[in-house]
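Hi,

Here is the structure I promised to pass on.

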Amino acid sequence: MKKIIIGCTALLLSTTMIAQNAPQLNAKNIDSVIKAMTLEEKAQLLVGGGNDGFVGSGSMLGHQKKIVAGAAGITVAIPRLGIPATVVADGPAGVHIDSHREGTTQTFYATGFPVGTCLASTWNTSLVYNVGKAMGNEAMEYGVDVILGPGMNLHRSPLCGRNFEYYSEDPIVTGTIGTAMVNGIQSQGVGVSAKHFAVNSQESDRTRVDERVSQRALRELYLKGFEMMVRNSNPWTVMSSYNKINGVYAQGNKGLLTNVLRNDWGFKGIVMTDWIGKRKDLPIENEVAAGNDLMMPGYPAQVEDIVNAVKAGKLDINDVDLCVKNMLEYIVKTPRFNGYKYSNKPDLEDHAQITRQASTEGMVLLKNDEHTLPLKNIKNVALFGVNSYDFLSCGLGSGCVNVPYVVDMLNGLKNAGVGTTPQLTEIYQNYVKYATAKLKADKNPEMWFLDQGKPKLDEIEITKRCIEHEINGADAAIITIARQAGEGMDRQIEGEFNLTDNEKSMISRVSDAFHAAGKPVIVIINSGSVMETASWRDRADAILVAWQPGEEGGNSVADVLTGKANPSGHLTMTWPISAADVPSTKNFPQNPDYYNLTDKIASGRMQGVDYTNHEEDIYVGYRYFDTFGKKVAYPFGYGLSYTTFEYGKPTVKEYGDKIEVSVSVKNTGKVAGKEVAQVYVTAAKGSYEKPAKELKAFAKTDLLKAGQSQTLKMTINKRDLASFDEAGSQWKVDTGVYTFKVGANVEDIKGQATLNIKGYTEKVSDVLKPLHKLNLLHQ
């Protein structure tokens, strides 16, 4: 979120009120405190205190003092009633606070954990839970009450700039991994703010774009992951997104925030807005009435607007009191309210080991011809690619972390005992120094997100002569191809999804030269999201997707390359052959100038920017490619290993409202490894069109030794088999035979079992209807 440094307006309290014997907040007297609050105090509690680390004290907003430098925002203290300020900090990949502070030499670095795509690609909920525990501990020890994360939006398009923060194109993966992360963080006594609720599918014009989507796609895809997480982890807060959904801003959408979130799902926490402040086209009374409890980052004018709206009869005081009660119930849970004495000294060394393990398990081996990996008898490599020497640990914007270090590929290989050719290393190291200094000097002041995270440096041309010089001194070539993206920026197809000319040339020349000498070429993909591979993958002997794996990235990659760790990651999104193959691409903004949109749309509405039609409907990701037989580069769920696995015949049984799928998995190779079993369901033919098959459960084995077996048992909630019936505003499971297919990915099904299931329906709120006709893909 872009920082907006603001002060707080002092609200004067009468001498009589200050002197009165006011109740002091505790968990049992919330109703009494609400009765004792003035309208102004109630309004102030619903408006953040700015996001520069300041809080009021004394009279409600008089004197200001800092709490946690670099935190994203605060709630406002009301000392008269014993209400403290609380602190929220960004953090999908770690606690985002300032690493240095005025007046002290102490540092306040936070651990850089793997980004969301890497964590999800582990398919390991216990591992993700442990990452969450470590992240929650750092929040606790740095005086942070709530981490603004995890990111729970779907990968509708491979071009979305914040896909690295999100988990998957599939809601079951999103909901399951998100639940593990939330439970892990909140086990430490701090909260989360799951975001961005909902349908934050793009960054271009994100503060006003209208996401036009059917009720069915909303319920089955875009809301499903949030629903699973809310039901199974009870998050302290949820963050309403900037965008509109079917013509109504999410933060002013009562159907979304009250009918769905609270009434249908049973959410008990607070809703806070994303960092937008006061909107010209959304009265604050609409936000409060919709169920938005906290307006962030907070402007003094918003307090006045709430007070005036109540006095003018535009806002019901009962709606205000409900939001105030939600806020107080949140506050009494926080470490700050409960007087926790934070140390400012979390165990960063221990957490570095956690991130190193998590990132290796999330890395996905896409290709490994002739068992090129793990490396054997390799003493020195020629290390190509700028990002081998300037490794990207995370994305840009609020999703980054101020880390103590980032291990690059050069040092990761060195730590594993693998050297690099000196001349090539010197060329790249000198270029990185120059390009970093130049980027800093040329930076556009409006590009604030470049101060949050590490921008990608341009690739340089490596000549044929230079490459040939490296062959004799190297046993193999390793090329790192990186991609960077982040908040406020969507990715372009040319040069970002696709390779640049320099990258194409580098891969081609290195491949030709090293293969002619009988030496392998390995490509490392250092990206938080999908990129094009089909045009160049035949030139590489092995391809490893390292994602943006956190501060230990180079060590983690070296662990996999050398065989210290066996890759067990599987893709949680489809890797298409071309961006044009993805059905959402035609309705996704291409080349929008984010900072000059007003001029661009002055003459009319711009599809993909001012509004986005979700014409693919329920056919997002593999649901489209698998159902319509469209070829892909790498399918959903795909991932190679250094060993092999054999699946037994699956069984399926029904226990009330639960369905259990069991399958045995045996390591038939020569080295220890882990496997992910994925359960896809083909529904009985009913009243609704369905994808060919949909993921409904998954499980990962323990580390199986050669010849060892394990039986995995996976539970599916019967309601997760339902389609959303728009006409009846209900979930509907049709009676009939369902086929449960167990596989290593969506295309590699190892066995199946069937079950005759009796149908049922579940009524829900009839809200969030589209205002415009959508030309849906399947109509």
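In which loop is Arg-208 found? It sits in the loop between strand 6 (191-197) and strand 7 (210-212). Before you read on, please keep in mind that this is a predicted model.

Another arginine in a loop is Arg-491, which you'll find between strand 15 (476-483) and helix 17 (493-497). Arg-491 has a relative accessibility of 2%, so it is classed as buried. From Arg-491 to Asn-587 it is 96 residues in sequence and 14 Å in space, going C-alpha to C-alpha.

Now the aromatic rings. The count comes to 17 aromatic pairs. One of them is Tyr-431 with Tyr-434: the ring centres are 6.3 Å apart and the planes are at 50°, so this pair is tilted. The two tyrosines both belong to helix 15 (residues 422-442), where they are three residues apart, or about one turn of the helix. Tyr-431 counts as buried because its relative accessibility is 17%, while Tyr-434, at 49%, counts as partly exposed.

There is also a cluster held together by ring pairs, made up of Trp-123, Tyr-622, Phe-636, Tyr-680 and Phe-698.

Two arginines lie over tyrosine faces. Arg-279 is over the face of Tyr-249, 3.8 Å from the ring centre. Arg-537 is over the face of Tyr-634, with 5.1 Å to the ring centre.

Last, a helix pair. Helix 5 (residues 125-141) packs with helix 6 (residues 171-186) at an angle of about 35°, and their axes are 6 Å apart. The crossing of helix 5 with helix 6 is right-handed. On the helix 5 side, the contact is made by Thr-125, Val-128, Tyr-129, Val-131, Gly-132, Lys-133, Met-135 and Gly-136. Helix 6 brings Thr-176, Ile-177, Ala-180, Met-181, Asn-183, Gly-184 and Ile-185 to it. By type, the residues of this contact between helix 5 and helix 6 are eight nonpolar, six polar and one charged.

Cheers

Technical notes:
Residues numbered from 1 in each chain as written. Predicted model: local features only at pLDDT ≥ 70, side-chain atom pairs only at ≥ 80, totals over all residues. Heavy atoms only, no water. Phe/Tyr/Trp six-rings, centres within 6.5 Å; stacked < 30°, edge-to-face > 60°. Helix = DSSP H or I, 4+ residues; strand = E, 2+ residues; numbered from the N terminus. Buried < 20%, exposed > 50% of the residue type's maximum accessible area, 1.4 Å probe, protein only. Lys NZ or Arg CZ within 6 Å of the ring centre and 35° of its normal. Axes fitted to C-alpha atoms, helices over the stretch in contact; angles between N-to-C directions. Left-handed = near helix turned anticlockwise from the far one by under 90°. Contact = heavy atoms within 4.5 Å. Nonpolar A, V, L, I, M, F, W, Y, C, P; charged D, E, K, R; others polar.
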